[in-house]
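Hello,

I am handing over the structure below, with some notes on what turned up in it. Please read them with the model open beside you.

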Amino acid sequence: MLSGGDELSGYDIKKWLNWSMRFFYSSPAYSQIYSELKKLEKQGMVSSRVEGGVRSRRVYKIADVGLAAVTQWANDNEVEPPTLKHNPLMRVIFGHLLKPGRLREVLQSHAAYADEMHRDAAMEARWAGEQPAWSYARLALRWSEDYYAAERERALRMIKDLDAVEETFAQGGGLAGRFPLREYWYDVERRIAAEGTGDALGGDAAS
């Protein structure tokens with residue numbers, strides 16, 4: 001956040017993180033931000049000064065060595081794939097344990113959450129468009145807007161599909177049936193492996 005060049009307090013950084021990144025990256029606590037700022041200052045990555053009189057605050061500015069380090073990170077470090085921890089979907093996969101109607105409540109709540117996040121991201125993307133310096137942030141916010149719109153639609157579609165899923169599960173014996181079927185999953189694993197090998201051989205033959 002300091003790479004933009006402004007002097008920012010820990011409070012400022014937290015506000016900007018909440019505004020721009022909360023749709024796709026967890027925001028650190030104030031205590032963590034202040035701890036990291038002190039650590040960066042000790043390393044010479046940032047400098048600080050006390051601003052104001054009675055209601056003073058400490059503001060931080062990135063140093064040349066800090067800017068060089070974060071620029072190298074952005075350009076050269078490996079970009080790891082995103083890690084998804086989807087708690088509502090965890091309830092879906094263990095739907096056989098939920099009380100009647102509970103899964104529908106979970107999905108309806110998630111749809112409402114996704115709708116709220118979608119509207120917030122859309123609004124913040126619109127405001128980011130007023131400032132040229134936030135052009136890249138706006139791009140990320142527009143992605144967030146699309147993501148939560150799709151997330152809401154997925155939840156609503158799953159709610160629609162619940163009746164059919166519950167009926168199929170009941171026809172299979174429900175909890176009276178064998179769940180999970182260990183032999184079935186191992187057989188599926190073998191078939192998938194064979195299918196993958198077949199695809200690879202087919203591709204080589206075609207070449």
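How many residues apart are Arg154 and Glu151 in helix α6? They are 3 residues apart, which is about one helical turn. Note that this is a predicted model.

Arg154 and Glu151 form a salt bridge, and the closest N and O atoms are 3.1 Å apart. Glu151 is buried, at 7% relative accessible area, whereas Arg154 is partly exposed, at 39%.

A salt bridge also joins Glu153 and Arg152, with 3.2 Å between the closest N and O atoms. Arg152 has 19% relative accessibility and counts as buried, because the cut-off is under 20%. Glu153 is partly exposed at 40%.

Another salt bridge pairs the side chains of Glu124 and Arg22, at 3.1 Å from N to O. This pair connects distant parts of the chain: Glu124 belongs to helix α5 and Arg22 to the loop between α1 and α2, 102 residues apart. Glu124 is buried, with 9% relative accessible area, and Arg22 is partly exposed at 32%.

In the whole structure, the search finds 15 salt bridges. A network of salt bridges links Glu7, Asp12, Arg49, Glu51 and Arg57.

Asp12 is also one of the buried residues of helix α1, which covers residues 10–20. The buried residues of α1 pack against α2 (30–42), β2 (57–62), α5 (102–128) and α6 (135–171).

Regards

How values were computed:
Residues are numbered from 1 along each chain as its sequence is written. This is a predicted model: local features need pLDDT of at least 70, side-chain atom pairs count only at pLDDT 80 or more; totals for chains, interfaces and linings use all residues. Side-chain values use heavy atoms; hydrogens and water are left out. Buried means under 20% relative accessible area, exposed over 50%, partly exposed in between (1.4 Å probe, protein chains only). Helices (H or I, at least four residues) and strands (E, at least two) are DSSP runs, numbered from the N terminus. Contact means heavy atoms within 4.5 Å. A salt bridge is a side-chain nitrogen of Lys or Arg within 4 Å of a carboxyl oxygen of Asp or Glu.
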